[in-house]
Amino acid sequence: MKRVLSIVLVLMMLVSLVPMAALAAEDYDTVTGTIMFNAGHDDSKTDHPCPFTYSDGYFTDTAYSYRQDLATATMAMCLAAGNVADPARYQEGPANLISFFEQIGFKDFEANPDYTNRPGRNTFGVGIANKEITVNGEKYTVIGIGLRGCGYYAEWAGDLNVGLDGDHTGFAICRDTALAFLQQYLANHPEITGKIKVWCTGYSRGAAGANMLGGKLDDMIMSGERIGKNVTLSVEDVYIYTFEAPKGADASKVGGRVYNNIHNVVNYNDLVVRVAPDCMGFARYGVDHVMPSAKLDSNYDELKANMLAVFNTFENAGEYRIDNFKYVTVTPKATVDKIIASIKGDVMTQGEFLDIFVEKLFTKVFTTRADVYAAQDDIQELVLPLIGTYPEQWDTVKQSLAENAKDNLAKIMAALFKGEDSAVNVIADIVLDTMRDAGITEYNAEQVREMIRPLVKMLVKIAAACPDELATLLYNIVGIMSAHYGELGMSWMMSIPADYMTNKQNTSKPEGELPFVDVPDGVWYYDDLKYAYDNGLMNGTSENTFTPEGNVTRGQVVTVLYRLAGEPSVKGKTCPFTDLKGEWSKDAIIWAYNCGIAKGFTETSFGENVNVTREQLASFLFRYADKLVYFGETDIPADYTASYSDASAVSSYAKDAMLWANGAGIIKGNPNGTLDPTGNATRAQFVCMIARFDRDVLE
């Protein structure tokens, strides 16, 4: 009964987050369902239910606009993408993700081999399905991609594989595995053609993979590289939502607004989102959206109460521990009974502590990336035997060790201050008792001592460099781990107001700057584009994109010229062209024809969607100037302003226009010394010519 009532309650809250007016206007159905997921708090051995709401209408906005309803639905997919809880059922790993996709109408699910084979050090599960939707009357295929970030056992070792430089090596493997399977999926389904939308998510390790996959897809699109043979993908249609993502990207590569279609939802109180550390050159692509916390929200108590109403409906919820955080100070030379000097709960929040701890850890203990790289193998070899050999017991061992660390804090700290051998003996006894309680009996005391010695060496260094921080970490480790559990994040996502992220963490461009994510600051055409945009001469291809390398059509050219002329009425005027299909350009073409600015390919054909060459563009501008500015007395230079190797290639009809445009500084030639008269004009070239024309000819 509790499960039924819990699901009904949370479904009602979820539906209340959906912008019904917007969805009704597009006539999109809303689906409510329930996923099962591998939980984290007080029962991680059983899959638990979580309700969700989904609509195809979530994809009507550009990917650059954060949507709370889409983010919440995506987190449901994210949690479902974890392996089923029972390690013995690893061959059914993606069963929960399959169920999610089926409930929302996605088809043709495929999983890569890593998803159904026993996880290893560098494996990575990827599951993909697709669904056709219609947006503004246009067909798209949404490619849903769930990346495994829970229940992956031995893959945890890959989280420690930082590498010596560049991207985090272990997370880069996740990215590359996901991209390769996405491309294979598209190749397996040649029936998927035309425009696609990519919807991708992951949790924790999966989130790092999703974040870096998003960065890679953006880079591919911006460089003109195709994702698949039969499909086209715009950066506006790359919907990446990650949850509790570590930092895995090379910080030198993540700059640029183009990556703001990647939304990272993070908990300020979570240690995982702070590593790998930024002080060693790691970062996330895109925009971070931070969940509520006592540190960041003045109305935290209200937000927390709403969250707990959802959190307590989860069968495995247990205790909300984050606000139980206490700061510990130690006296290194004291006896065991006095070594803990104080334990106070009013010093700082858990998130504030983690900021301090991570900064000290990676500036006082691991001072270079090479130091981390040198230690990673030892840590992997400590954990891998337990995760790989005893996945059923791993969660029990992990939780029990955390609780034992708190209970034996004074003894552990005293031993660490005495030195490596003393600490090895104390900590080995704790580890051995924990393993036996979990049913792992194959190790004797000596084997455990040798297993943990590399870890103890690191702990001795940390105790010497930042003793209070280490003691605080060990005392609060259960609460610190709980900040990373999925049902907590899902409770926040279900309970915060729909406008919480956008109001509090607005990521829009500052006033006065261009909104286009595909236009780098300082690029050669930036000033002319800003002039044209600010003066209403030329718009983007969408709210967020300009597409500088895109072609320009004849209809687009005369539409811009029509704006320059003030859009005079064409009432009572006609033209002989019978191929005018776009209402957006019809008046402009009628005006241009009657002014003598535009001619057709034939007496009845204009070709509004035909690309314009550079010499054709010059001809349009020349006719405008000659007819409306100079009234037939345009001064035409006898020669070009410089020597161009292809000047003779200019068509006879365009010679006067090219001479005039070059002399007026509107066409300046290419850096290689050519005019390229018959090459298609790009939007970047066009906006420069229009800006110069308006500034230098019309004013």
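Tutor: One cut-off to start with: an angle over 145 degrees between two axes counts as roughly antiparallel. Also, this is a predicted model.

Student: OK, at what angle do helix H3 and helix H4 pack?
Tutor: Helix H3 (residues 68-80) packs with helix H4 (residues 95-103) at about 150 degrees, and their axes are 7 Å apart. H3 and H4 are therefore roughly antiparallel to each other.

Student: Which residues in H3 and H4 meet?
Tutor: From H3, Ala73, Ala76, Met77 and Ala80; they meet Asn96, Leu97, Phe100 and Phe101 in H4. Sorted by class, this contact has seven nonpolar residues, one polar and no charged ones.

Student: Switching topic. How many helices and strands are in the chain?
Tutor: The protein chain has 24 helices and 14 strands. Of its 699 residues, 56% are buried.

Student: And the largest nonpolar core, how many residues has it?
Tutor: That core has 60 residues, and Leu561, Trp660 and Phe693 have the most contacts inside it. Helices H19 (526-534) and H20 (554-564) are among the elements that give two or more residues to this core. The largest share, nine residues, comes from H24.

Student: What does Phe693 touch?
Tutor: Leaving out residues up to four places away in sequence, Phe693 touches Leu564, Leu621, Tyr624, Ala625, Trp660, Ile666 and Leu698.

Student: What about a second core, which residues does that include?
Tutor: The second core is separate and has 57 residues, including Phe101, Val142, Tyr320 and Ile322. Phe101 is also one of the H4 residues in the contact with H3.

How values were computed: Residues numbered from 1 in each chain as written. Predicted model: local features only at pLDDT ≥ 70, side-chain atom pairs only at ≥ 80, totals over all residues. Heavy atoms only, no water. Axes fitted to C-alpha atoms, helices over the stretch in contact; angles between N-to-C directions. Helix = DSSP H or I, 4+ residues; strand = E, 2+ residues; numbered from the N terminus. Parallel < 35°, antiparallel > 145°, perpendicular 65-115°, else oblique. Contact = heavy atoms within 4.5 Å. Nonpolar A, V, L, I, M, F, W, Y, C, P; charged D, E, K, R; others polar. Buried < 20%, exposed > 50% of the residue type's maximum accessible area, 1.4 Å probe, protein only. Core = buried A, V, L, I, M, F, W, Y, C linked by side-chain atoms within 4.5 Å.
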